[in-house]
Amino acid sequence: SDMKGLIRGRITGTRTPFSSEFVQPRDFNMATARRGGRWCYCITVVLLSCALSLSRALSMNMPGQVSTKIVVTGAAGRTGSLIFSKLNADPRFDAVGLVRSETSAKKLISKTRCDLNEVVVCDVTNMEFGEEDDHPWPTILDGAAAMVICTSAVPQISKSSVIKAMLKAPLNVLRGEKAVNFRDFKFKFKPGQYPEMVDYVGQTKQIDFAKKVGIKHVVLVSSMGVLDPDNFLNSIGKDKNGEGHGDILVWKRRAEKYLCLSGLRYSIIHPGGLVDTEESKMKLVLDVDDNLMRREKKSITRGDVAELAIASLTAGDKGRSVSFDCVGEEVEEGEAVPSAEDTLREFLLSGRTADYTLGPSLPNLP
């Protein structure tokens, strides 16, 4: 459907970081509709709208059942949109998506068919609240019980590095090597969307905002490998001299530490290599402190990560915080695969969680 004109508003500065002015599709001109027999068209649209509203109402909670409001940030991203859509389809939850731009909002609405009032446009790196700002955010965010943070800096591949890698491919084959080495590709981040700004500044601002609106539980989707400062992911965004806007895992780790010290209940998820598919039929394996990095297979589907994020909202002791790593593991044909919630519940019984005294030194940052 044509999404043009459905969302309006922009971030006008750090004092008003939210954009929540939504407009409905263009109003019908009834005089014009009368001409050419277009009344039938208008009536059809009204009936379809009523049917859609009724369908949504019937899929909502039964009488007496109260849904829990969850704010999902980075909701238009590949992992965030999966989490948002799953929450949106679950009658236990009332999901609100936070996205960075109007373009992202239109993308999310088109992809998930959610309502306009379920999406808020906000650049998380510009969240600032002065003492005089009593209520600068949209009221739709009030009353949320938890926040799922899925924001992350996203690198853009350098086209010149791709061309160079392709030119080297024939020689690599003659040498008996892989035709294309992924590490020959170079990546860079868009201005203002560096790991420091998005994965540290942006996430700490979201944590502060969660406290300001009364949210008690934050689920943070981070990354495995945060204990290794020499991890390849940390080189993305740097030049050959090691200079530039990189160290994405270091900034993620610092944001995690900030959350741990915030006083909020937290569930921090460290996925292995992300595969762009729905949840799999693989067994989920949970551990801590990058122990899973020793495995030959260190990947997990985004769908499985989404299931673990939702399980973090429902499983275990409501007052306990946890930080864990996760990957997928192949199972024998016919073998039963425990759900994400059962897997997480069993892990929580072990009492294990990440040790934040390990890894690279984390300076005292604001």
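Which exposed residues does the face of H9 turned away from its buried side carry? They are Glu346 and Leu349. The model discussed here is predicted, with a chain average pLDDT of 81 and 78% of the residues scoring at least 70.

**Helix H9**

Helix H9 covers residues 340-349, and its buried residues are Ala340, Thr343, Leu344, Phe347 and Leu348. Seen down the helix axis, these buried residues fall within an arc of 135°, so they line one face of H9. An α-helix has 3.6 residues a turn, so residues three or four places apart point the same way. The buried residues of H9 pack against strand E11 (283-287), helix H8 and strand E13 (322-329). After H9 comes glycine 351, which has a positive phi near 75°.

The largest nonpolar core has 43 residues, of which Val72, Ile83, Leu87, Val148, Leu308 and Phe324 touch the most other members. Helix H8 (residues 302-314) contributes seven residues, the largest share of this core. Beyond its neighbours within four places in sequence, leucine 87 contacts Ile70, Val72, Phe93, Ala95, Ile310 and Leu313. Another core, of 25 residues, lies apart from the largest one and includes Val124, Ala144, Ile149 and Val218.

Ile83 and Leu87 are among the buried residues of H3, as are Thr79, Gly80, Ser81, Leu82, Phe84 and Lys86. The twelve residues of H3 (residues 78-89) should span 16 Å at 1.5 Å a residue, and the end C-alpha atoms are 17 Å apart, which agrees.

**Salt bridges**

| Pair | Closest N to O distance |
|---|---|
| Lysine 238 and aspartate 247 | 2.8 Å |
| Aspartate 342 and arginine 345 | 3.3 Å |

Arginine 302 lies in helix H8 and aspartate 276 in the loop between strand E10 (273-275) and E11, so this pair ties together parts that are 26 residues apart in sequence. Arginine 302 is buried, with a relative accessible area of 11%, whereas aspartate 276 is partly exposed at 48%. Aspartate 342 and arginine 345 are three residues apart in helix H9 and thus separated by about one helical turn. Aspartate 342 is partly exposed, with a relative accessible area of 42%, and arginine 345 is partly exposed at 32%. Shared partners join Arg78, Asp276 and Arg302 into one network of salt bridges. Lysine 238 is partly exposed at 26% relative accessible area, and aspartate 247 is partly exposed at 25%.

pLDDT stays under 50 over residues 1-16, for which the model has 39 contacts beyond four places in sequence. Over residues 20-61 pLDDT also stays under 50, and the model has 39 such contacts there.

Key:
Residues numbered from 1 in each chain as written. Predicted model: local features only at pLDDT ≥ 70, side-chain atom pairs only at ≥ 80, totals over all residues. Heavy atoms only, no water. Core = buried A, V, L, I, M, F, W, Y, C linked by side-chain atoms within 4.5 Å. Buried < 20%, exposed > 50% of the residue type's maximum accessible area, 1.4 Å probe, protein only. Helix = DSSP H or I, 4+ residues; strand = E, 2+ residues; numbered from the N terminus. Contact = heavy atoms within 4.5 Å. Expected span 1.5 Å × (residues − 1). Arc of directions from axis to C-beta. pLDDT = per-residue confidence, 0-100. Salt bridge = Lys/Arg side-chain N within 4 Å of Asp/Glu carboxyl O.
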